[in-house]
Amino acid sequence: MTATPIVSPENVVLGQEPGRSVRGAASLRRRMARRDKESGLDRGIVSATEWRTPRVRFPLATVQLILLILLVICGLLPILWLMKSAFTPTQDTLTQPLAIFPHGATLSNITAAFGINIKIQSYFLNTIWVAAGAWVVQIVVATTGGYALSILRPKYGKIVSGLVIATLFLPAIVLLIPLYLTILHPLVIGSSLLNTFWAVWLPSGASAFNVVLVMRFFDSLPREIFEAAETDGAGPFRLFWSIVLPMSKPVIGVVTVFAIINTWKDFLWPNLVLPGGTDPSSIQPLSVRLPAIQGTTEFGPFLASLAIATLIPIIMFLVFQRTFLNGGGFGGAVKG
Amino acid sequence: MTTSTEPLASRQGAPRTTPRRRVRGTPLTWVRRGGLANLLFLLPLLGIFGVFSWGPIVESVIISLQHTNFVVTTWSDPIWSNFEFVFRDPTFWLAVRNTGYFALLALIFGYPVPIVLAVIMSEVKRFKGLFSVLAYLPVVVLPVVSVLLWKNVFYDAGATGVFNIILSWFHIPAQPWIQSTATAMPSLVLEATWAAAGGTIIIYLAALTNVPPELYDAAEVDGAGIWQKLWHVTLPQLRGIMLVTFILQIIGTSQVFLEPYLFTQGGPVQSTTTIMLLIFQYAFQSSDGGSNLGVATALSLMLAAFLAVFSAVYFRVTRSWSQN
Amino acid sequence: MKSPRRSIILAVAGVAAAGMALSGCSAGGSTSNGKTEIVVASVQPGASAESLAAFQTQVKTFQKANPDIIVRGEEYDWTGPTFAAQLAGGTLPDEFGVPFTDSKTLASNGELADLTPYISKLSYYKKFNPNVIDVAKDSKGHVYGIPFSPYAMSISYNRDDFTKAGLDPNKPPTTWDEVESDAKAISAALPGVAGYMQMTSGNTGGWELTSASYTRGGRLETTAGNGKVTVDTDIPAVKDSLAYLAKIRWTDNAAGSNFILDWNGMNAAFGSGKVAMYMSGSDVIGALVQNDAVDPSNYGVTTIPLESDSKAGVLSGGTVAVANAKDNPAQLAAVTKWIDFYYGQPAIDKASAVTQAKALQASKQVVGAPSIPLFDAATADLARSWIAPYATPGLLDNVKPFTSTIGKQPIVPEPSRHTQDLYAALDSVVQAVLTQENPDVDSLLKAVNVKIQALIDADSDQAALK
């Protein structure tokens, strides 16, 4: 998202050198696999010999155990607490937040969250829509642009890619106000894009990070393949569709993870351009809706809404763990 | 970045059956050489970047020199008056201080933690995945949800606030958390660190996995112990990524918005009003007598310029360190 | 400020349902197949489904009577900090409410639609108290809307908490000293509950500090004979009000532990039992029921205590229903019809009042929230008698401490110039006395004076240039 005040992942990967995120992910997986087998080829600071000495093993194992406990307390317990509170009557949560169901559990918070007042499911769906549309726009811009700049290479391509890279280092905040004005009065379309998904989708496409990432990936592809395809009479469109795209799965995967995580997490920009209109439940994502209703919703159902908004991404994370940890790690990195 | 020297485009769209002729100029030859195809492929990028990136960048410079409130727009008189307004606003200096304070605290608490944790985690032999998953969980939570949860539950300053209950177990008196000018900012940093550390840990873990094992083997041959290996092999190998995360964290924290906006609205007594929040208030909250987009844009350009200069100096200074 | 306006809307004798402000881009409903479509402010974001249902019932009744108009409701929530951007960004509905403090300025700036030709035809237009309708006029005398839901500042309290602390819920405090002693008693009896608290954030801190200062005879803005407005917040009434709050917080320890409370936050804290007594608009019960699940039988409200000072008075404000400046004449006519139907008629016409009260009652909304007269006391009493049979059970008794004494309190309007800016600047001062033990109040107030005076002087400079 262009207007995110949070550091986007772009620079991390760039700082790491070209294509590292793609190759790095693969090598991480390989190395981890190898290490699991204790093949001895791969290792960390502590050698196998050292690990066998009690003087090393005991304190190290203790530290690791403490770390595990800390991680459970910091990483897991807050989320478990939230899940618990979703099933706890409001007054119990307010008076004895750490007691476990002092007066029994209830489903009423959950029912209320899905009920007509909160309609959490609609906002969830909106969140998915926002992310899906932003993903499509980003993929289209990045792959077609990357293809043109890095494979077709028109003469003016250097200027274009220079201009793209120039925006890479620009803090998103500079764009906030002019971009907002652009959404209010778009050039060609005429009518305001406020309260339409386009207001989030279109600006998200202007991600220099995506374009650079894709360009570097394309640059690393063997050009002989393209030349061979050309010899067989493939034009630029067929080359793109039948050869380049199918080969781009890894980089598309990385762009996808970034696109979805960033759009999912963004607050400032959607909060500005999706104020609601006559039917907020048809347009606002969770990140905009939840703060808006915090003062007007009973506490129990509100916490249940927070829990629902948390549970689904966690399930997705656990299912696609590897993708997240390998690629998406950069997404939320170094925020504060 | 360029791996092949000859532009493929010069061959594109010119079927092999047609002898290639270096004819210049006519639109038809341009099309046949693939010029049109090139342009078509570039169109989404040019359109989106033109309207939503390059255009607004130019526009932001213009807006910063204007007095505008969505309705009426005039050139500022004198032309730099928006910048002057910012410098004369006592809240600006307060925001600079607050932002610096946030960045500093985040650096002290947030910067070393992921490095230490990642190094310990990388030595875990079993259930390593479990460690990563646990560390990464807070990152998966929607940031807005984290803030609302911490604000309304954990940071509740009453005796029934979760953190205060936990403190009472250790006979520590209840803390005001975000309800006091002294503790509000550290509280914001604590939540922000919790929310972000997992992502950084994963980056360091990846970097640690990429440390060539031969280096450790070699160090051991030289008789190095664990601490010496850590100091002479691991940390030097992490130096590059540490330098990058450092500057990224500075850039990120100097643009902190979500926490002060949702936790405290900049309070109490403006103790958490950051530069980003001030930009937002200038632009969209009329507490200074009408939205002033010009002043807001001027301040955002100043912030961008500061970050650009800071980064440039930083990379120049650290260049020699990162190359071993 | 969120609060007054919002609470306002909720109230008027029986018209509770409308919430406030949010908006979306409605910018001008279209006119299609001969029908005029208008988007009007409905309820607050997150309001209960019942309140929305009550609103929809009203819409249906209206559309039946006006088949050529289509009305669509939009969540609306007036907040000081965000209103300007909505207005300027063109994201407001065709009809919405603005507080008394802002309507005149907005009208004079050309940011609202001129409704003179439509409103002047309304039967009760001439009946308005001239001082009241004046808030909806610009400097040239054009009318931009009609005022509704006038409120007086009051003290809301939790009747159960009074009982639990050994106090009589039918005898709420009548002086500031009694407020303090009751607050102490409640906080002592119910640990974790704030005995008394005021709002502090989103401009409400300044709003309530100004109210407290009025009760001690202070005025924050004064107009000289030549029309020059002077801001002075560094006055005894303001400092006494701050010292009073600080005493409850630091000495009595009866202000609870959360000090960043805007209008919604405070109502939520009251609804969840964390605050037993607080300063509010007199009509807040509508919002408390709609948003915070407050049981009306457990709710009490009384008039704000007035000190013996001869200038002591109760702060009063209200909302003006206005139209979007971008609307076309057909829409403006339709908006006026809607305003008349929704806000005007129930105050003067028995049938309308009863229909509305029934709709609210059917949707479990508050009927009979206390307010102050829009036209004159007799008309207001009459309107109240029409809806009495439908009033929320127990409510009329519970609000008696307020209704029986409000008639004796002198009404004082809010400061007139840069009101929201003044309130916003005072927020920090209120937060300071609650979060720091010995803040330098004098210099904080002096800084507020300088800041707001500069804004006011800049206005008169501009006027002089013109």
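Biologist: Where is the kink in α9(B) centred?
Modeller: In this predicted model, the kink is centred on B:Ala196 and comes to about 40 degrees.

Biologist: How do you know that the span of helix α9 (residues 184-209) of chain B agrees with its 26 residues?
Modeller: At 1.5 Å a residue, helix α9 of chain B should span 38 Å.

Biologist: What makes α9(B) largely enclosed by the rest of the structure?
Modeller: A residue counts as buried if 20 or more other C-beta atoms lie within 10 Å of its own. In α9(B), 24 of the 26 residues are buried, and therefore the helix is called largely enclosed.

Biologist: Why does B:Gln265 count as buried?
Modeller: The cut-off is 20 or more other C-beta atoms within 10 Å. B:Gln265 has 20 C-beta neighbours inside that distance, so it counts as buried. This residue lies in the loop between α12 (258-264) and α13 (275-284) of chain B.

Biologist: What is the phi of B:Gln265, which is not a glycine?
Modeller: Phi of B:Gln265 is positive, at about 50 degrees. Most residues other than glycine have a negative phi. B:Val269 also has a positive phi, near 50 degrees, and is likewise a residue other than glycine. The loop between α12 and α13 of chain B holds B:Val269 as well.

Biologist: Is B:Val269 buried or exposed, and how do you know?
Modeller: B:Val269 has 24 other C-beta atoms within 10 Å, so it is buried.

Biologist: How far apart are the centres of domain 1 and domain 2 of chain B?
Modeller: Taken over C-alpha atoms, the two centres are separated by 42 Å. The domain assignment gives 8-64 as domain 1 of chain B and 84-322 as domain 2.

Biologist: How many residues of chain A are in contact with chain B?
Modeller: On the chain A side there are 106 residues, in contact with 104 residues of chain B. Helix α4 (residues 54-86) of chain A gives the most to that side, with 14 residues. By class, the side of chain A that touches chain B has 67 nonpolar, 28 polar and eleven charged residues.

Biologist: How many residues of chain A are in contact with chain C?
Modeller: Here 19 residues of chain A are in contact with 25 residues of chain C. The side of chain A that touches chain C has nine nonpolar residues, nine polar and one charged.

Biologist: What is the secondary structure of chain A?
Modeller: Chain A has 18 helices and zero strands. Of its 336 residues, 53% count as buried. Among contacts in chain A between residues at least 6 apart in sequence, 76% join residues at least 24 apart.

Biologist: Where in chain A is the pLDDT below 50?
Modeller: Residues 1-40 of chain A are one such stretch, with 90 contacts in the model beyond near neighbours in sequence. Residues 328-336 of chain A are also below 50, and that stretch has 51 such contacts. Where pLDDT is low, the predicted coordinates should not be read in detail. Chain A averages a pLDDT of 81, with 83% of the residues scoring at least 70.

Biologist: What does the domain assignment of chain C give?
Modeller: Domain 1 of chain C is 2-151 + 317-408, and domain 2 of chain C is 153-315 + 411-465. Their C-alpha centres lie 26 Å apart.

Biologist: How many residues of domain 1 of chain C are in contact with domain 2 of chain C?
Modeller: From domain 1 of chain C, 38 residues are in contact with 35 residues of domain 2. α1(C) gives the most to the domain 1 side, with seven residues. The residues of that side divide into 18 nonpolar, 17 polar and three charged.

Biologist: What is the average pLDDT of chain C?
Modeller: Chain C averages 84, and 90% of its residues score at least 70. Residues 1-31 of chain C are below 50, although this stretch has 176 contacts in the model beyond near neighbours in sequence.

Biologist: How many helices and strands are there in chain C?
Modeller: Chain C has 19 helices and eleven strands. Of its 466 residues, 62% count as buried.

Biologist: What ipTM and pTM does the predictor give the complex?
Modeller: The ipTM is 0.84 and the pTM is 0.82.

Note on methods: Residues numbered from 1 in each chain as written. Chains lettered and ligands numbered in written order. Predicted model: local features only at pLDDT ≥ 70, side-chain atom pairs only at ≥ 80, totals over all residues. Contact = placed C-beta atoms within 7 Å. Helix = DSSP H or I, 4+ residues; strand = E, 2+ residues; numbered from the N terminus. Nonpolar A, V, L, I, M, F, W, Y, C, P; charged D, E, K, R; others polar. Expected span 1.5 Å × (residues − 1). Bend = angle between axes of the 7 residues up to and from the residue. Buried ≥ 20, exposed ≤ 12 C-beta atoms within 10 Å, placed from the backbone. Domains from an automatic or database assignment. pLDDT = per-residue confidence, 0-100.
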